[in-house]
Amino acid sequence: MTPDFLLAQISDLHLTVPEKLAYGRIDTRAPWYAALQSVRNHTPSIDALLISGDLVQRGNEAVYAELGGMLDALDLPVYVITGNHDRRELLRQALPSHTYLPADGKLDWCVNDYPLAIIGLDALREGEGAGYLDPAQLDWLEQQLQQLTGKPTVIAVHQPPIEIGIDHMDSAALRGGLAQFEAIVSRHAHVKRVLCGHVHRYCVAQWANTLVMTAPGCAHQVDLNFSADAPPHYRLEPPGVLLHACFGSEIVTHYRPLNLSVERQPFY
């Protein structure tokens, strides 16, 4: 069955300048190129791509400009939100074709052109890992959701509003405005997903009468260690993409690893 709308979500690219490795060890470009290939070649065609933050590693102007050119060449609607590694003004300047982004202030946006409405929230406080939503943003969110009543909607915000059990990531979750955010989402049954990145793992949890989902990292995955005060580690597990398929008023989400060495084979 073909979805009414198919939204791909990729997160945490952490792109660096050519020949530069993130953390001195991680080639962030190869998995990003694999992700682009997956989006381009997917059947059925993907209708839109969401990148849920941390587009670049160091807020580099040249890397943002290069990324903007790649996204324009996709010939596909692309929507981005800020992550804690991003720099708001550099991102805005590098993506002039992304007219859904506000011309000034925080990069909050709402797109209502599809069977699925998509809202992006800018939780960036530059220099900090945790996310913050201020009262004005949340009042705006309430207004948008009221106008979208009855239409399936997803909200994208980089830091998740939940703890995932990995201490060093939980210390940098969504902090500012959390109670008000939860109250707003709880009131609107048409919010089908809160889509996040940041934690570099695929996680799902019930929250505020909906589902929170975090996307796997494109660049690398955070080590899955539930031990108290476990030190920060990463693993070079396969990157992945989330595919949010809209069927009428409902959404089904699939996780697809980006391991190009695994070929499709017939059962019979």
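For the angle below, axes are lines fitted to C-alpha atoms, for helices over the stretch in contact, and angles run from 0 to 180 degrees between N-to-C directions.

**Entry 1: the helix.** I opened the model, which is a predicted one, and looked up helix α1, residues 29-41. I found α1 lying across β1, β2, β14 (240-247) and β15. Its direction is at about 175° to β1.

**Entry 2: the sheet.** I then listed the strand order of the open sheet: β3-β2-β1-β14-β15, five strands with mixed pairing. From one strand to the next, I read an average twist of 20°.

Entry 3: I checked how β1 (residues 5-10) meets β2 (residues 48-51): the two run parallel and are joined by four bridges. Which residue of β2 is the bridge partner of Gln9? I found Leu50 in that place.

**Entry 4: His158.** I located His158 in the loop that lies between β7 (153-156) and α5 (167-170).

I next looked for contacts of His158, leaving aside neighbours within four places in sequence. The list holds Asp12, Ser52, Gly53, Asp54, Ile81, Thr82, Gly83, Asn84, Cys196, Gly197 and His198. For His198 I also noted a polar contact, side chain to side chain, with His158 at 3.2 Å.

Notes
Residues are numbered from 1 along each chain as its sequence is written. This is a predicted model: local features need pLDDT of at least 70, side-chain atom pairs count only at pLDDT 80 or more; totals for chains, interfaces and linings use all residues. Side-chain values use heavy atoms; hydrogens and water are left out. A polar contact is a pair of N or O atoms within 3.5 Å; within protein, one must be able to donate a hydrogen and the other to accept it, and residues adjacent in sequence count only if both atoms are side-chain atoms. Contact means heavy atoms within 4.5 Å. Two strands pair if DSSP finds at least two bridges between them.
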